[in-house]
Amino acid sequence: MDTTDVSAFPLRLEGDAIPMVSFKKVTKSYGNLVVLDSLDLDVAEGEMVTVIGPSGSGKTTVLRMLMTLETINGGVIYVDGEPLTHMERDGKLVRADSRHLRKMRSKIGMCFQHFNLFPHMTALENCMEGPVHVLGMSKKEARERSEELLAMVGMAEKRDQHPSRLSGGQQQRVAIARALAMRPKVMLFDEVTSALDPEVIGEVTNVIRRLVAEHNLTMLMVTHQMGFAKDISDRICFFYSGRIEEQGSPEELFGNPQKERTQQFLSAVKEAS
Amino acid sequence: MSYFEFLGQYGDRIASGTLITMALTVLSALLAVAIAVAAGLMRMAPNMAVRGFATVYIEIFRGTSLLVQLYWIFFVLPLFGITLEKFTAGFVAVGMNLGAYGAELVRGAILSVPKGQWEAALALNMSPAKRMIRVILPQAVLIMLPSWGNLLIELLKGTALVALISVADLMFQVKQINGTTFMSAESFGTALIIYYVLARFMITPFMRWLERVMMRKMGRA
(Lines give C-alpha, C1' and ligand atoms only; values in the text may rest on other atoms or scores of the structure.)
Protein backbone atom coordinates (compact mmCIF):
# COMPACT_ATOMS: atom_id res chain seq x y z
CA MET A 1 0.00 0.00 0.00
CA ASP A 2 1.47 3.29 -1.08
CA THR A 3 0.71 6.00 1.39
CA THR A 4 2.84 8.65 -0.21
CA ASP A 5 2.29 10.27 -3.57
CA VAL A 6 5.51 9.66 -5.46
CA SER A 7 4.82 12.18 -8.24
CA ALA A 8 6.96 14.75 -6.46
CA PHE A 9 10.07 12.55 -6.73
CA PRO A 10 12.43 12.80 -9.71
CA LEU A 11 12.45 10.00 -12.32
CA ARG A 12 16.19 9.69 -11.80
CA LEU A 13 18.79 11.61 -9.88
CA GLU A 14 20.84 14.03 -11.92
CA GLY A 15 23.71 16.38 -11.29
CA ASP A 16 27.37 16.13 -10.48
CA ALA A 17 27.59 14.21 -7.25
CA ILE A 18 24.86 11.60 -7.48
CA PRO A 19 24.81 9.51 -4.31
CA MET A 20 25.20 5.77 -4.84
CA VAL A 21 22.29 5.13 -2.49
CA SER A 22 19.59 7.63 -1.71
CA PHE A 23 16.59 7.15 0.54
CA LYS A 24 14.00 9.87 -0.04
CA LYS A 25 11.27 10.15 2.57
CA VAL A 26 11.12 6.37 2.88
CA THR A 27 8.47 5.02 5.21
CA LYS A 28 8.01 1.44 6.29
CA SER A 29 5.33 0.17 8.59
CA TYR A 30 3.78 -3.10 9.63
CA GLY A 31 0.14 -2.33 10.30
CA ASN A 32 0.16 0.50 12.80
CA LEU A 33 3.76 0.00 13.76
CA VAL A 34 5.96 2.51 11.95
CA VAL A 35 9.43 0.99 11.58
CA LEU A 36 10.95 3.77 9.51
CA ASP A 37 9.51 7.23 9.48
CA SER A 38 10.22 9.36 6.42
CA LEU A 39 13.88 8.40 6.21
CA ASP A 40 16.26 10.58 4.21
CA LEU A 41 19.73 9.13 3.83
CA ASP A 42 22.35 9.51 1.11
CA VAL A 43 25.42 7.33 0.78
CA ALA A 44 28.12 8.55 -1.58
CA GLU A 45 30.03 6.28 -3.92
CA GLY A 46 32.81 4.54 -2.03
CA GLU A 47 31.48 5.67 1.32
CA MET A 48 31.29 3.34 4.32
CA VAL A 49 28.27 4.13 6.45
CA THR A 50 27.53 2.28 9.67
CA VAL A 51 24.10 2.17 11.19
CA ILE A 52 23.91 1.75 14.95
CA GLY A 53 21.06 1.95 17.39
CA PRO A 54 18.99 0.00 19.90
CA SER A 55 17.14 -3.09 18.71
CA GLY A 56 13.82 -2.26 17.09
CA SER A 57 15.11 1.07 15.85
CA GLY A 58 14.73 -0.01 12.23
CA LYS A 59 18.40 -0.29 11.37
CA THR A 60 18.24 -3.77 9.82
CA THR A 61 15.12 -2.76 7.91
CA VAL A 62 17.19 -0.10 6.12
CA LEU A 63 19.41 -2.80 4.65
CA ARG A 64 16.57 -5.22 3.94
CA MET A 65 14.65 -2.57 1.99
CA LEU A 66 17.73 -1.84 -0.05
CA MET A 67 18.10 -5.56 -0.86
CA THR A 68 14.38 -5.55 -1.81
CA LEU A 69 13.68 -8.13 0.88
CA GLU A 70 11.11 -5.68 2.24
CA THR A 71 8.76 -3.45 0.32
CA ILE A 72 8.35 0.17 1.34
CA ASN A 73 5.15 2.03 2.10
CA GLY A 74 6.16 5.49 1.05
CA GLY A 75 8.95 7.46 -0.58
CA VAL A 76 11.50 6.31 -3.15
CA ILE A 77 14.90 4.62 -2.88
CA TYR A 78 17.45 5.43 -5.60
CA VAL A 79 20.52 3.35 -6.34
CA ASP A 80 23.17 4.69 -8.69
CA GLY A 81 20.79 7.48 -9.64
CA GLU A 82 17.98 5.17 -10.73
CA PRO A 83 14.88 4.43 -8.70
CA LEU A 84 15.06 0.99 -7.04
CA THR A 85 11.61 0.63 -5.60
CA HIS A 86 9.93 2.34 -8.54
CA MET A 87 10.39 2.63 -12.27
CA GLU A 88 9.45 5.04 -14.98
CA ARG A 89 6.33 4.46 -17.03
CA ASP A 90 4.83 7.17 -19.28
CA GLY A 91 6.93 9.82 -17.60
CA LYS A 92 5.75 8.84 -14.13
CA LEU A 93 7.12 6.75 -11.29
CA VAL A 94 5.22 3.54 -10.70
CA ARG A 95 5.96 0.52 -8.48
CA ALA A 96 8.87 -1.49 -9.80
CA ASP A 97 7.92 -4.76 -11.48
CA SER A 98 9.94 -7.94 -10.96
CA ARG A 99 12.01 -7.29 -14.08
CA HIS A 100 13.09 -3.86 -12.90
CA LEU A 101 13.84 -5.24 -9.44
CA ARG A 102 16.06 -7.93 -10.94
CA LYS A 103 17.97 -5.35 -12.96
CA MET A 104 18.50 -3.11 -9.94
CA ARG A 105 19.28 -5.94 -7.52
CA SER A 106 22.36 -6.81 -9.55
CA LYS A 107 24.00 -3.67 -8.17
CA ILE A 108 23.61 -4.79 -4.57
CA GLY A 109 25.14 -7.58 -2.50
CA MET A 110 24.31 -8.58 1.04
CA CYS A 111 25.77 -10.60 3.91
CA PHE A 112 23.51 -11.84 6.66
CA GLN A 113 23.79 -12.37 10.38
CA HIS A 114 23.36 -16.13 9.99
CA PHE A 115 25.50 -16.40 6.82
CA ASN A 116 22.77 -18.29 4.90
CA LEU A 117 25.24 -20.28 2.84
CA PHE A 118 23.66 -22.99 0.72
CA PRO A 119 24.28 -26.16 2.74
CA HIS A 120 24.22 -28.51 -0.25
CA MET A 121 27.08 -26.72 -1.97
CA THR A 122 30.78 -26.46 -1.11
CA ALA A 123 32.35 -23.09 -0.33
CA LEU A 124 33.51 -22.82 -3.94
CA GLU A 125 30.12 -23.87 -5.35
CA ASN A 126 28.43 -21.29 -3.14
CA CYS A 127 30.59 -18.60 -4.69
CA MET A 128 30.16 -19.89 -8.25
CA GLU A 129 26.39 -20.25 -8.03
CA GLY A 130 25.53 -16.62 -8.76
CA PRO A 131 28.12 -15.97 -11.48
CA VAL A 132 27.17 -19.18 -13.35
CA HIS A 133 23.41 -19.28 -12.85
CA VAL A 134 22.58 -15.59 -12.68
CA LEU A 135 25.28 -13.82 -14.66
CA GLY A 136 25.62 -16.66 -17.17
CA MET A 137 29.40 -16.88 -16.81
CA SER A 138 31.30 -19.96 -17.95
CA LYS A 139 32.16 -22.36 -15.15
CA LYS A 140 35.86 -21.87 -15.76
CA GLU A 141 35.62 -18.10 -15.47
CA ALA A 142 33.36 -18.29 -12.42
CA ARG A 143 35.74 -20.72 -10.76
CA GLU A 144 38.71 -18.42 -11.30
CA ARG A 145 36.83 -15.44 -9.91
CA SER A 146 35.55 -17.44 -6.93
CA GLU A 147 38.93 -18.93 -6.10
CA GLU A 148 40.45 -15.48 -6.16
CA LEU A 149 37.83 -14.15 -3.77
CA LEU A 150 38.09 -17.17 -1.48
CA ALA A 151 41.83 -16.57 -1.35
CA MET A 152 41.20 -12.94 -0.48
CA VAL A 153 39.03 -13.91 2.50
CA GLY A 154 41.57 -16.57 3.49
CA MET A 155 39.36 -19.52 2.64
CA ALA A 156 41.19 -20.95 -0.39
CA GLU A 157 42.14 -24.14 1.42
CA LYS A 158 38.60 -24.83 2.56
CA ARG A 159 37.02 -24.27 -0.82
CA ASP A 160 35.83 -27.88 -1.19
CA GLN A 161 34.23 -28.06 2.25
CA HIS A 162 30.50 -27.86 2.81
CA PRO A 163 29.26 -25.14 5.19
CA SER A 164 28.47 -27.74 7.88
CA ARG A 165 32.22 -28.39 8.12
CA LEU A 166 33.11 -24.73 8.60
CA SER A 167 33.11 -22.55 11.71
CA GLY A 168 30.85 -19.52 11.88
CA GLY A 169 33.67 -17.14 11.09
CA GLN A 170 34.72 -19.25 8.12
CA GLN A 171 31.14 -19.44 6.86
CA GLN A 172 30.77 -15.70 7.10
CA ARG A 173 33.97 -15.16 5.13
CA VAL A 174 32.69 -17.48 2.40
CA ALA A 175 29.41 -15.55 2.43
CA ILE A 176 31.33 -12.32 1.87
CA ALA A 177 33.20 -13.91 -1.05
CA ARG A 178 29.91 -15.20 -2.46
CA ALA A 179 28.37 -11.73 -2.40
CA LEU A 180 31.47 -10.11 -3.91
CA ALA A 181 31.53 -12.65 -6.74
CA MET A 182 28.49 -10.87 -8.16
CA ARG A 183 30.54 -7.64 -8.40
CA PRO A 184 28.00 -5.44 -6.65
CA LYS A 185 28.40 -1.68 -6.45
CA VAL A 186 26.89 -1.59 -2.98
CA MET A 187 27.60 -4.10 -0.21
CA LEU A 188 25.32 -4.53 2.77
CA PHE A 189 26.53 -6.13 6.01
CA ASP A 190 23.71 -6.98 8.36
CA GLU A 191 25.11 -7.73 11.82
CA VAL A 192 27.63 -10.06 10.26
CA THR A 193 29.48 -10.65 13.52
CA SER A 194 26.48 -10.95 15.86
CA ALA A 195 26.17 -14.73 15.58
CA LEU A 196 29.90 -15.38 15.97
CA ASP A 197 31.93 -16.51 18.94
CA PRO A 198 34.07 -13.64 20.25
CA GLU A 199 37.35 -15.26 19.22
CA VAL A 200 36.42 -15.45 15.52
CA ILE A 201 34.88 -12.00 15.15
CA GLY A 202 38.30 -10.61 14.23
CA GLU A 203 38.71 -12.82 11.19
CA VAL A 204 35.50 -11.41 9.71
CA THR A 205 36.11 -7.79 10.65
CA ASN A 206 39.61 -8.04 9.19
CA VAL A 207 38.15 -9.08 5.84
CA ILE A 208 35.82 -6.09 5.90
CA ARG A 209 38.70 -3.82 6.92
CA ARG A 210 40.63 -5.01 3.87
CA LEU A 211 37.63 -4.41 1.63
CA VAL A 212 37.35 -0.86 2.88
CA ALA A 213 41.07 -0.23 2.48
CA GLU A 214 41.56 -1.79 -0.94
CA HIS A 215 38.31 -1.37 -2.82
CA ASN A 216 36.11 1.53 -3.67
CA LEU A 217 32.89 -0.27 -2.72
CA THR A 218 29.95 1.60 -1.28
CA MET A 219 29.06 -0.10 1.97
CA LEU A 220 26.28 0.02 4.49
CA MET A 221 26.74 -1.90 7.68
CA VAL A 222 24.68 -2.62 10.76
CA THR A 223 26.82 -3.71 13.69
CA HIS A 224 27.17 -3.82 17.45
CA GLN A 225 30.97 -3.77 17.28
CA MET A 226 31.42 -0.10 18.14
CA GLY A 227 35.21 -0.17 18.05
CA PHE A 228 35.18 -1.75 14.62
CA ALA A 229 32.58 0.74 13.37
CA LYS A 230 34.67 3.61 14.68
CA ASP A 231 37.81 2.36 12.96
CA ILE A 232 36.49 1.86 9.47
CA SER A 233 33.39 4.01 8.93
CA ASP A 234 33.30 7.30 7.11
CA ARG A 235 30.04 8.11 8.81
CA ILE A 236 27.94 6.71 11.65
CA CYS A 237 24.16 7.00 11.74
CA PHE A 238 22.47 6.52 15.08
CA PHE A 239 18.91 5.28 14.63
CA TYR A 240 16.26 5.72 17.23
CA SER A 241 12.65 4.59 16.75
CA GLY A 242 12.61 4.72 12.98
CA ARG A 243 14.55 7.94 12.53
CA ILE A 244 18.14 9.05 12.28
CA GLU A 245 18.58 10.67 15.66
CA GLU A 246 22.11 11.80 14.99
CA GLN A 247 24.81 11.24 12.38
CA GLY A 248 28.36 12.29 11.80
CA SER A 249 31.95 11.16 11.50
CA PRO A 250 33.02 8.47 14.00
CA GLU A 251 35.07 11.06 15.87
CA GLU A 252 32.09 13.39 16.23
CA LEU A 253 29.51 10.77 17.06
CA PHE A 254 31.56 8.68 19.47
CA GLY A 255 33.68 11.53 20.82
CA ASN A 256 31.11 14.23 21.24
CA PRO A 257 27.53 13.03 20.79
CA GLN A 258 25.07 15.91 20.78
CA LYS A 259 21.77 14.23 21.46
CA GLU A 260 20.81 12.78 24.81
CA ARG A 261 19.59 9.49 23.34
CA THR A 262 22.86 8.99 21.54
CA GLN A 263 24.75 9.58 24.76
CA GLN A 264 22.52 7.15 26.63
CA PHE A 265 22.92 4.49 23.98
CA LEU A 266 26.68 4.85 23.76
CA SER A 267 27.16 4.75 27.52
CA ALA A 268 24.90 1.68 27.77
CA VAL A 269 26.95 -0.06 25.09
CA LYS A 270 30.16 0.92 26.83
CA GLU A 271 29.00 -0.53 30.14
CA ALA A 272 28.01 -3.77 28.48
CA SER A 273 31.37 -4.30 26.80
CA MET B 1 0.09 -80.90 -0.07
CA SER B 2 3.03 -79.60 1.92
CA TYR B 3 3.97 -75.93 1.77
CA PHE B 4 6.98 -76.82 -0.37
CA GLU B 5 4.81 -78.68 -2.85
CA PHE B 6 2.47 -75.70 -2.82
CA LEU B 7 5.34 -73.37 -3.62
CA GLY B 8 6.65 -75.73 -6.29
CA GLN B 9 3.29 -75.85 -7.99
CA TYR B 10 2.25 -72.21 -7.71
CA GLY B 11 5.65 -70.51 -7.31
CA ASP B 12 5.66 -69.35 -10.92
CA ARG B 13 2.34 -67.59 -10.62
CA ILE B 14 3.28 -66.04 -7.31
CA ALA B 15 6.55 -64.85 -8.81
CA SER B 16 4.83 -63.36 -11.84
CA GLY B 17 2.29 -61.64 -9.57
CA THR B 18 5.14 -60.28 -7.47
CA LEU B 19 6.81 -58.86 -10.56
CA ILE B 20 3.58 -57.15 -11.60
CA THR B 21 3.23 -55.73 -8.07
CA MET B 22 6.79 -54.41 -8.23
CA ALA B 23 6.20 -52.87 -11.66
CA LEU B 24 2.99 -51.26 -10.41
CA THR B 25 4.84 -49.92 -7.37
CA VAL B 26 7.65 -48.39 -9.39
CA LEU B 27 5.35 -46.82 -12.00
CA SER B 28 2.84 -45.46 -9.50
CA ALA B 29 5.70 -44.17 -7.32
CA LEU B 30 7.14 -42.25 -10.28
CA LEU B 31 3.71 -40.84 -11.07
CA ALA B 32 3.09 -40.00 -7.41
CA VAL B 33 6.40 -38.13 -7.12
CA ALA B 34 5.71 -36.15 -10.31
CA ILE B 35 2.18 -35.27 -9.20
CA ALA B 36 3.32 -34.47 -5.65
CA VAL B 37 6.00 -32.02 -6.82
CA ALA B 38 3.66 -30.38 -9.34
CA ALA B 39 0.67 -30.14 -7.00
CA GLY B 40 2.86 -29.14 -4.03
CA LEU B 41 4.38 -26.26 -6.00
CA MET B 42 1.00 -25.27 -7.44
CA ARG B 43 -0.39 -25.05 -3.90
CA MET B 44 2.08 -22.21 -3.31
CA ALA B 45 1.58 -20.44 -6.63
CA PRO B 46 0.73 -16.73 -6.53
CA ASN B 47 -2.11 -17.33 -9.00
CA MET B 48 -5.35 -18.19 -7.20
CA ALA B 49 -6.73 -20.37 -9.99
CA VAL B 50 -3.60 -22.52 -10.01
CA ARG B 51 -3.68 -22.79 -6.23
CA GLY B 52 -7.38 -23.62 -6.31
CA PHE B 53 -6.91 -26.36 -8.88
CA ALA B 54 -4.23 -28.06 -6.78
CA THR B 55 -6.29 -27.73 -3.61
CA VAL B 56 -9.34 -29.33 -5.22
CA TYR B 57 -7.21 -32.14 -6.61
CA ILE B 58 -5.62 -32.85 -3.23
CA GLU B 59 -8.95 -32.67 -1.41
CA ILE B 60 -10.67 -35.10 -3.79
CA PHE B 61 -7.88 -37.65 -3.88
CA ARG B 62 -7.13 -37.56 -0.17
CA GLY B 63 -10.75 -37.29 0.88
CA THR B 64 -12.16 -40.28 -0.98
CA SER B 65 -11.36 -43.97 -0.99
CA LEU B 66 -8.60 -45.29 -3.22
CA LEU B 67 -10.84 -48.22 -4.18
CA VAL B 68 -13.61 -45.90 -5.34
CA GLN B 69 -11.08 -43.83 -7.29
CA LEU B 70 -9.80 -47.02 -8.93
CA TYR B 71 -13.32 -48.02 -9.95
CA TRP B 72 -13.95 -44.55 -11.25
CA ILE B 73 -10.86 -44.55 -13.39
CA PHE B 74 -11.48 -48.06 -14.70
CA PHE B 75 -15.30 -48.24 -14.96
CA VAL B 76 -16.59 -44.66 -15.13
CA LEU B 77 -14.02 -42.84 -17.28
CA PRO B 78 -14.81 -45.08 -20.30
CA LEU B 79 -18.35 -43.64 -20.18
CA PHE B 80 -16.71 -40.27 -20.93
CA GLY B 81 -14.66 -41.76 -23.73
CA ILE B 82 -11.42 -42.28 -21.76
CA THR B 83 -10.59 -45.96 -21.68
CA LEU B 84 -7.48 -47.11 -19.87
CA GLU B 85 -6.10 -50.60 -20.02
CA LYS B 86 -6.47 -52.23 -16.57
CA PHE B 87 -2.76 -52.25 -15.68
CA THR B 88 -2.54 -48.56 -16.62
CA ALA B 89 -5.74 -47.74 -14.75
CA GLY B 90 -4.25 -49.52 -11.74
CA PHE B 91 -1.02 -47.60 -11.45
CA VAL B 92 -2.63 -44.31 -12.45
CA ALA B 93 -5.18 -44.61 -9.63
CA VAL B 94 -2.58 -45.51 -7.01
CA GLY B 95 -0.16 -42.84 -8.28
CA MET B 96 -2.79 -40.11 -8.31
CA ASN B 97 -3.99 -41.02 -4.84
CA LEU B 98 -0.58 -41.15 -3.19
CA GLY B 99 0.53 -38.10 -5.21
CA ALA B 100 -2.13 -36.09 -3.38
CA TYR B 101 -0.65 -37.12 -0.03
CA GLY B 102 2.84 -36.46 -1.35
CA ALA B 103 1.87 -32.94 -2.46
CA GLU B 104 1.41 -31.95 1.17
CA LEU B 105 4.80 -33.46 2.04
CA VAL B 106 6.43 -31.44 -0.73
CA ARG B 107 4.71 -28.24 0.35
CA GLY B 108 5.52 -28.79 4.00
CA ALA B 109 9.18 -29.52 3.24
CA ILE B 110 9.54 -26.45 1.02
CA LEU B 111 8.02 -24.26 3.72
CA SER B 112 10.40 -25.65 6.32
CA VAL B 113 13.53 -24.67 4.39
CA PRO B 114 14.83 -21.74 6.48
CA LYS B 115 13.73 -18.30 5.30
CA GLY B 116 17.36 -17.20 5.15
CA GLN B 117 17.91 -19.54 2.20
CA TRP B 118 15.21 -17.78 0.19
CA GLU B 119 16.69 -14.43 1.14
CA ALA B 120 20.24 -15.41 0.23
CA ALA B 121 19.05 -16.70 -3.14
CA LEU B 122 17.17 -13.46 -3.73
CA ALA B 123 20.20 -11.41 -2.68
CA LEU B 124 22.16 -13.28 -5.37
CA ASN B 125 19.47 -12.07 -7.77
CA MET B 126 18.35 -15.58 -8.72
CA SER B 127 15.08 -15.86 -10.65
CA PRO B 128 12.14 -17.46 -8.79
CA ALA B 129 12.56 -20.69 -10.80
CA LYS B 130 16.30 -20.88 -10.10
CA ARG B 131 15.72 -20.18 -6.43
CA MET B 132 13.34 -23.10 -6.24
CA ILE B 133 15.29 -25.58 -8.37
CA ARG B 134 18.85 -24.79 -7.29
CA VAL B 135 18.43 -23.76 -3.66
CA ILE B 136 15.13 -24.73 -2.09
CA LEU B 137 14.16 -28.09 -3.61
CA PRO B 138 17.50 -29.85 -2.95
CA GLN B 139 17.14 -28.96 0.73
CA ALA B 140 13.44 -29.80 0.80
CA VAL B 141 14.18 -33.28 -0.60
CA LEU B 142 16.34 -34.14 2.39
CA ILE B 143 13.66 -32.88 4.77
CA MET B 144 10.90 -34.93 3.20
CA LEU B 145 12.73 -38.19 2.43
CA PRO B 146 11.83 -39.98 5.70
CA SER B 147 8.13 -39.23 5.19
CA TRP B 148 8.36 -40.43 1.60
CA GLY B 149 9.66 -43.76 2.92
CA ASN B 150 6.37 -44.24 4.77
CA LEU B 151 4.34 -43.06 1.83
CA LEU B 152 6.01 -45.50 -0.56
CA ILE B 153 5.23 -48.41 1.77
CA GLU B 154 1.61 -47.23 1.82
CA LEU B 155 1.76 -47.11 -1.94
CA LEU B 156 3.09 -50.66 -2.24
CA LYS B 157 0.30 -51.92 -0.02
CA GLY B 158 -2.23 -49.82 -1.92
CA THR B 159 -1.36 -51.59 -5.17
CA ALA B 160 -3.06 -54.75 -3.80
CA LEU B 161 -6.40 -53.11 -4.59
CA VAL B 162 -5.79 -53.35 -8.33
CA ALA B 163 -6.51 -57.09 -8.03
CA LEU B 164 -10.15 -55.99 -7.85
CA ILE B 165 -10.05 -54.80 -11.46
CA SER B 166 -8.27 -58.08 -12.31
CA VAL B 167 -4.75 -56.82 -12.83
CA ALA B 168 -2.71 -60.00 -12.36
CA ASP B 169 -0.66 -58.70 -9.43
CA LEU B 170 0.44 -60.68 -6.37
CA MET B 171 -2.92 -60.30 -4.61
CA PHE B 172 -4.81 -61.37 -7.73
CA GLN B 173 -2.68 -64.49 -8.14
CA VAL B 174 -2.98 -65.67 -4.55
CA LYS B 175 -6.74 -65.11 -4.65
CA GLN B 176 -6.93 -67.29 -7.74
CA ILE B 177 -4.73 -69.94 -6.15
CA ASN B 178 -6.86 -69.87 -3.02
CA GLY B 179 -9.99 -70.24 -5.17
CA THR B 180 -8.77 -73.46 -6.74
CA THR B 181 -6.84 -75.02 -3.84
CA PHE B 182 -8.64 -73.62 -0.77
CA MET B 183 -5.18 -73.43 0.86
CA SER B 184 -5.98 -70.02 2.35
CA ALA B 185 -3.26 -69.96 5.00
CA GLU B 186 -0.56 -70.86 2.47
CA SER B 187 -1.85 -68.51 -0.24
CA PHE B 188 -2.47 -65.38 1.81
CA GLY B 189 0.38 -66.17 4.20
CA THR B 190 2.81 -66.16 1.29
CA ALA B 191 1.40 -62.86 0.02
CA LEU B 192 1.75 -61.36 3.50
CA ILE B 193 5.40 -62.35 3.68
CA ILE B 194 6.18 -61.09 0.18
CA TYR B 195 4.57 -57.68 0.83
CA TYR B 196 6.51 -57.43 4.06
CA VAL B 197 9.78 -58.38 2.40
CA LEU B 198 9.25 -55.86 -0.41
CA ALA B 199 8.52 -53.08 2.07
CA ARG B 200 11.12 -53.96 4.66
CA PHE B 201 13.99 -55.18 2.52
CA MET B 202 13.55 -53.19 -0.67
CA ILE B 203 11.77 -49.89 -0.10
CA THR B 204 13.22 -49.10 3.32
CA PRO B 205 16.87 -49.82 2.40
CA PHE B 206 16.40 -47.92 -0.86
CA MET B 207 15.13 -44.86 1.01
CA ARG B 208 17.94 -45.12 3.55
CA TRP B 209 20.44 -45.24 0.71
CA LEU B 210 18.82 -42.19 -0.87
CA GLU B 211 19.01 -40.34 2.45
CA ARG B 212 22.69 -41.17 2.74
CA VAL B 213 23.33 -39.91 -0.79
CA MET B 214 21.54 -36.65 -0.02
CA MET B 215 23.34 -36.26 3.30
CA ARG B 216 26.64 -36.68 1.53
CA LYS B 217 25.63 -33.92 -0.88
CA MET B 218 25.11 -31.71 2.15
CA GLY B 219 28.56 -32.63 3.42
CA ARG B 220 27.00 -34.16 6.52
CA ALA B 221 27.71 -37.86 6.00
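A residue is called buried if 20 or more other C-beta atoms lie within 10 Å of its own, exposed if 12 or fewer do, and partly exposed in between, with C-beta atoms placed from the backbone. The model is predicted, so local features need pLDDT of at least 70 and side-chain atom pairs count only at pLDDT 80 or more, while totals for chains, interfaces and linings use all residues. Residues are numbered from 1 along each chain as its sequence is written, and chains are lettered from A, and ligands numbered from 1, in the order in which they are written.

Chain A contains nine helices and 12 strands. Helices (H or I, at least four residues) and strands (E, at least two) are DSSP runs, numbered from the N terminus. The radius of gyration of chain A is 19 Å, close to the 19 Å that the globule rule gives for 273 residues, so chain A is as compact as a globular protein of that length. The radius is taken over C-alpha atoms, and the rule is 2.2 Å times the number of residues to the power 0.38. The C-alpha trace of chain A spans about 55 × 50 × 40 Å along its principal axes. Buried residues account for 47% of its 273 residues. Two residues are in contact if their C-beta atoms, placed from the backbone, lie within 7 Å. Among contacts in chain A with a separation of 6 or more, 65% join residues 24 or more positions apart.

Helix α3(A) is mostly covered, with nine of its 11 residues buried. Among them are A:Leu124, A:Cys127, A:Met128 and A:His133. The cover includes α4 (139-152) and α5 (168-180) of chain A, together with α6 (128-158) of chain B.

The contact between the chains takes 22 residues from chain A and 18 from chain B. On the side of chain A that touches chain B, two or more residues each come from α2 (98-105), β8 (108-111) and α3 (123-133) of chain A. Helix α3(A) gives the most, with three residues. This side of chain A divides into eight nonpolar, 10 polar and four charged residues. Ala, Val, Leu, Ile, Met, Phe, Trp, Tyr, Cys and Pro count as nonpolar, Asp, Glu, Lys and Arg as charged, and the others, Gly among them, as polar.

Elsewhere in chain A, A:Gln247 lies in strand β12 (residues 243-248). A:Gln247 is partly exposed, because 18 other C-beta atoms lie within 10 Å. Leaving out residues up to four places away in sequence, A:Gln247 touches A:Arg235, A:Ile236, A:Cys237, A:Phe238 and A:Leu253.

Chain B has eight helices and zero strands. Its C-alpha atoms fill a box of roughly 70 × 50 × 20 Å along the principal axes. Of the 221 residues in chain B, 36% are buried. Residues 24 or more positions apart make 74% of its contacts with a separation of 6 or more.

Within chain B, helix α1 (residues 3-42) packs against helix α8 (residues 184-217) at an angle of about 45 degrees, with axes 11 Å apart. That makes α1(B) oblique to α8(B). The contact joins B:Tyr3, B:Phe6, B:Ile14, B:Thr18 and B:Met22 of α1(B) to B:Glu186, B:Thr190, B:Ile194 and B:Leu198 of α8(B). By class, six of these residues are nonpolar, two polar and one charged. Axes are lines fitted to C-alpha atoms, for helices over the stretch in contact, and angles run from 0 to 180 degrees between N-to-C directions. Angles under 35 degrees count as roughly parallel, over 145 as roughly antiparallel, 65 to 115 as roughly perpendicular and the rest as oblique.
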